Amino acid sequence: MGGDYAPDATIEGAILAQKKLSSVDRIFLFGPHEIIEHALQKKKADPSSFTIIHSPQIIGMGERPIKAYTHKPESSISKGLKYLKTKQIDTFSSAGNSGATLVGAMYSVNNIQGVIRPSTLTCIPRENGGMNVMLDIGTNPDIKPDILYQFAILGSIYSQSVLNVKNPKVGLLNIGEEDEKGNLLCQSAFRLMKDSVDFNFYGNIESRDLFKNKADVIVCDGFTGNIVLKQIEAMYRMMVKRNLVDDYIQKFNYENYGGSPILGVNGSVVIGHGISNAKAIMNMILLSKNIFEVKLTNKIKKAMLKHT
């Protein structure tokens with residue numbers, strides 16, 4: 001029931017994803033049983049092809065995350081994350097209340113030992129092909145330098161494991177490339193990162209270079225990252241409206257990426273965009289499968305063992 005166009009977009013996206021999955025994979029749908037079954041039948045899909053977990057409570061998009069998660073144990077987010085914790089499912093994804101999904105993941109599967117704060121990221125298409133990743137994009141608006149340092153580790157592991165980038169370069173988003181640039185947070189984080197052996201630190205990177213190949217991983221606080229992400233989304237919408245879209249610009253369509261993984265929790269969890277349509281839901285499900293198959297969580301655990 002998560003997302004602005006649920007349940008129809010969610011159901012249609014699940015049907016599309018099922019067609020791309022192998023015969024040994026199975027999609028679990030969490031929500032009111034009758035609504036799910038009716039929506040599947042309306043799309044001419046066989047309900048028996050999915051596992052439906054009756055979850056009658058619904059967490060609204062505007063509800064406070066902690067209160068909603070703890071007071072609605074029969075919601076799809078609460079139940080889904082409990083199934084993930086008990087290994088009845090391998091991945092969990094939702095286009096519903098992102099705060100409740102994040103809080104629920106931290107309460108149920110918990111943070112990986114050594115991770116101070118989990119992070120969310122986005123992929124940014126490069127002009128010359130390939131992808132950069134940027135984190136955090138809103139989960140952590142207020143942070144300290146050591147958390148930015150951990151984001152660099154998390155982003156590097158994601159870039160290597162999911163995007164197949166060898167020895168990814170890490171850039172610290174700043175207002176200039178010089179070592180001494182930035183506010184106190186960036187200056188302190190730069191000093192921590194400068195001689196790191198945990199990742200390949202490029203140095204400071206300016207926002208005008210986000211679409212270049214100067215850095216494969218771009219690290220920033222969640223406040224800055226969210227503003228940058230939404231500015232990119234606004235520019236994409238404006239260019240579509242003015243019919244200024246080519247193959248490169250089309251890569252900025254959020255539908256192609258499905259959602260943002262939560263890095264640093266003990267499980268494969270993906271948060272989808274609230275405006276997700278069927279294509280975005282499909283890609284959200286496929287992304288969660290990919291994250292599970294590359295054993296991203298285990299790789300982060302191994303990296304964090306060095307720091308505990």
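**Entry 1: Asp-136**

I began with Asp-136, which sits in the loop between β5 (131-135) and α6. A word on names: helices (H or I, at least four residues) and strands (E, at least two) are DSSP runs, numbered from the N terminus. I also noted that this is a predicted model, where local features need pLDDT of at least 70, side-chain atom pairs count only at pLDDT 80 or more, and totals for chains, interfaces and linings use all residues. Residues are numbered from 1 along each chain as its sequence is written, and side-chain values use heavy atoms, with hydrogens and water left out.

The peptide bond leading from Leu-135 into Asp-136 is cis, with omega near 10°. Is Asp-136 buried or exposed? Asp-136 counts as buried because its relative accessibility is 0%; buried means under 20% relative accessible area, exposed over 50%, and partly exposed in between (1.4 Å probe, protein chains only).

Next I listed what Asp-136 touches, where contact means heavy atoms within 4.5 Å. Leaving aside neighbours within four places in sequence, the contacts of Asp-136 include Pro-118, Ser-119, Thr-120 and Phe-151. Cys-220, Asp-221, Gly-222, Gly-225 and Asn-226 are also among them. For a sense of distance, I checked Gly-31: Asp-136 and Gly-31 are 105 residues apart in sequence and 30 Å apart in space, C-alpha to C-alpha.

**Entry 2: another cis bond**

I found a cis peptide bond between Ala-6 and Pro-7 too, with omega about 0°. Pro-7 belongs to the segment before α1 (8-20).

Lys-44 lies in the loop between α2 (33-42) and β2 (51-54). Its phi is near 60°, a positive value in a residue other than glycine. Lys-44 is exposed, with a relative accessible area of 78%.

Ala-45 is in the loop between α2 and β2 as well, but Ala-45 is buried, at a relative accessible area of 14%. Apart from neighbours within four places in sequence, Ala-45 is in contact with Ile-15 and Leu-40.

**Entry 3: Asn-167**

I looked up another positive phi, at Asn-167, where the value is near 45° in a residue other than glycine. Asn-167 is located in the loop between α6 and β6. Asn-167 is exposed, with a relative accessible area of 52%.

Which residues of helix α7 (residues 184-193) are buried? I wrote down Leu-185, Cys-186, Ala-189, Phe-190 and Met-193. They cover an arc of only 130° around the axis, so they are on the same side of α7; the arc is that of the directions from the helix axis to the C-beta atoms.

The buried residues of α7 pack against α6 (145-161), β6 (169-173), β7 (200-205) and β8 (217-219). On the face turned away from that buried side, I found the exposed residues Leu-184 and Arg-191.

**Entry 4: α6 against α11**

The axes of α6 and helix α11 (residues 296-305) come within 10 Å and cross at roughly 140°. That makes α6 oblique to α11: angles under 35 degrees count as roughly parallel, over 145 as roughly antiparallel, 65 to 115 as roughly perpendicular and the rest as oblique. Axes here are lines fitted to C-alpha atoms, for helices over the stretch in contact, and angles run from 0 to 180 degrees between N-to-C directions.

From α6, I noted Gln-150, Ile-153, Leu-154, Ile-157, Tyr-158 and Ser-161, which meet Leu-296, Lys-299, Ile-300, Ala-303 and Met-304 in α11.

**Entry 5: Ser-288**

My last stop was Ser-288, which lies in helix α10 (residues 278-293). Ser-288 is buried, with a relative accessible area of 2%. Which residues is Ser-288 in contact with, leaving aside its neighbours within four places in sequence? I found Thr-91, Ser-93, Ser-268 and Val-270.
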